[in-house]
Amino acid sequence: MAEEEEESELSDKQKVEIAKWFLLNSPPGEIQYVAKDVKLILNDDGLFNEAASEAFPLYNKSHFIVLPMSDRSGDVLVTSFGELEDNAYLDPRTAQVAIVDHVKQVCTGVRPAQDEELATAYIEEFRFSLDAEILKYVEDVYPKGVCSVYCVNGKDTEGPGSDFELAVVISAARHSPQNFCNGSWCSVWNIVFKDEQQTVEVKGKLQVAAHYFEEGNVQLDAKHECKDATLFQAPEDCALALSSIIRHHETELHI
Amino acid sequence: MKEMEAAMGLMRRIPPKHTETALSALLSLMPNHSSDLLSQVDQPLQVLCDVDCGKEFILCEYNRDADSYRSPWSNKYHPPLEDGSVPSSKMRKLESEANEIFAIYRDQYYEGGSSSVYMWEDENEGFVACFLIKKDGSKTGQGRRGYLEEGAWDAIHVIEVGPEEEENTSYRLTSTVMLTLTTNNEASGTFSLSGSIRRQMNMKLSFADGHLCNMGRMIEEMEGKLRNSLDQVYFGKTREMVCTLRPPSEVAQMRMPES
């Protein structure tokens, strides 16, 4: 510390940064509880709201939170892959866009996606086939899993001749605050379709977190990264090969 | 004191590896509560070397005065402090003996590590004793997943001893164990399990066997219970959570992992 003053008061900026830090480090499913405690300690709603408006979107995206769509047509995953604007998230499966209130963690409205927001028919063939296989896998293996497949690069590709990239996101959470226990499983698979080499490169990142807090505070944080590859084939064949790769690697992580 | 409740609530949610940062943040947000925060929030234990005898001693609020810490071996402050508070000579005698005995206990159960005991008289004609253990198991420990990159066990046992009544003395033990386990290897990635558990135990025991014997027995019993609890919580509960999120493909019996 440069100078010790009689009363070293924190600046507003510092208070906001601290509040943000607590919010961003909340365990899965607990940000609202953390928010309540931080708001009380901060004792300044204006500063708290500033911190919350910055922290909640980051937290929601990095935790891949799942929100029921306001028209009850299903769930939407909040991810950076599907982000169209600050609070609009694409659900490629239903070609809808969900409007989200990050701080309240609710979907406040739904609209159909516009053509420019969706991938071309060529890309959609691959995305759709993969999505169908992943959905089968997730329903088989995760009691409460939600998944989505996005095109994150090359969505305007009209036909063969260019590379493109898809991302598979799987998110499963269990919130049991009455049992003092919360947990989450997130996996992200980046899949690059390389046209020239006619190969598909796969990179997976898995993260599992659990928090038990009845007699104290015990947290598990496990991370795993892996790579794999397969041949660039027709959309359905790729989808089968890729979902098999994903299933294999995810099963390996088990504790 | 709603702020303290909120602060303790936050400490139960923040990832244990960020305990020091979180405490620091709370101290700056709530400067008026600093002594409450420092005494109620458990932090990973740190050690200093007592230059006089070459032995390590553990740092905590109970042996701190200003920015110096008192060694239980030499009874001197590091860095040196004029008029640093020390226990009465009667207390110091008991404290010295406790340190010797506790070091033996620690060696038997932990095969290494550091221990310290600090005692001081309280206002109720009784006294308070704080027993601390720090064990670093990394690099020598072999976990189930291989090489243990980080493995630390910190135990803090605070016993409030009541005034000596006719036959029995009351002892109130509050124990906290902080445990960190991290493995990191190519095949399975990073696996980090950390946190703390706290328990209390009250007993009324005959003074006939002496304070040290009574306190030693309580701590031994408590550590045994905590170790089992930790096994169940650390490995059991977290594994249960993961298996709930994604049931393992072998539907065979779920065995508790051997730690």
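Strands here, like helices, are DSSP runs (E, at least two residues, for strands; H or I, at least four residues, for helices), numbered from the N terminus. This is a predicted model, in which local features need pLDDT of at least 70 and side-chain atom pairs count only at pLDDT 80 or more, while totals for chains, interfaces and linings use all residues. Residues are numbered from 1 along each chain as its sequence is written, chains are lettered from A and ligands numbered from 1 in the order in which they are written, and side-chain values use heavy atoms, with hydrogens and water left out.

Let us stay with that first pair. The strands concerned are β11 of chain A (residues 216–231) and β11(B), which pair in the antiparallel sense over eight bridges. Two strands are said to pair if DSSP finds at least two bridges between them.

Each of these strands also has a partner within its own chain. In chain B, strand β10 (residues 168–185) runs antiparallel to β11(B), with 18 bridges between them; Ser175(B), for instance, faces Arg199(B) in β11(B). In chain A, 14 bridges join β10(A) to β11(A), again antiparallel, and Thr199(A) has Leu231(A) in β11(A) as its bridge partner. A hairpin of three residues links β10(A) to β11(A).

Trp185(A) stands opposite Val208(A) in β10(A). This pair is a hairpin as well, with four residues between the strands, and Gln198(A) in the turn has a positive phi of about 55°.

Now for the interface as a whole. The contact (heavy atoms within 4.5 Å) takes 50 residues from chain B and 49 residues from chain A. Together the two chains bury about 4,400 Å², 65% of it on carbon and sulfur atoms; buried area is the accessible area (1.4 Å probe) that two parts lose on being put together, summed over both. On the chain B side, Arg13(B), Leu245(B) and Arg246(B) lose the most area to chain A, together 21% of what that side buries.

What about polar interactions? Between chain B and chain A there are 19 residue pairs in polar contact, both residues being at pLDDT 80 or more. A polar contact is a pair of N or O atoms within 3.5 Å; within protein, one must be able to donate a hydrogen and the other to accept it, and residues adjacent in sequence count only if both atoms are side-chain atoms. In chain B, α1 (2–11), α2 (19–29), β11 (189–206) and α5 (211–245) each supply at least two residues of the side that touches chain A.

How many salt bridges does the rule find across the interface of chain B and chain A? There are three, where a salt bridge is a side-chain nitrogen of Lys or Arg within 4 Å of a carboxyl oxygen of Asp or Glu. Glu215(A) forms one with Arg199(B), the closest N and O atoms being 2.5 Å apart. Arg13(B) and Glu30(A) also meet in a salt bridge, at 2.8 Å from N to O. That pair crosses from the loop between α1 and α2 of chain B to the loop between α1 (12–24) and α2 (31–42) of chain A. Over all chains, the count comes to 26 salt bridges.

Elsewhere in chain B, three strands form an open antiparallel sheet in the order β3-β4-β5. The strands β3 (64–65) and β5 (77–78) stand at the edges, each with a single partner strand, so one side of each is left without a neighbour in the sheet. Two bridges pair β3(B) with β4 (residues 68–70) in the antiparallel sense, and Asp65(B) has Ser68(B) in β4(B) as its bridge partner.

Finally, two backbone details. Most residues other than glycine have a negative phi, and most peptide bonds are trans. The bond from His78(B) to Pro79(B) is cis, with omega near -10°, and Pro79(B) sits in the loop between β5 and α4 (89–110) of chain B. Phe64(A) has a positive phi of about 50° although it is not a glycine; its place is in the loop between α3 (45–62) and β1 (66–68) of chain A.
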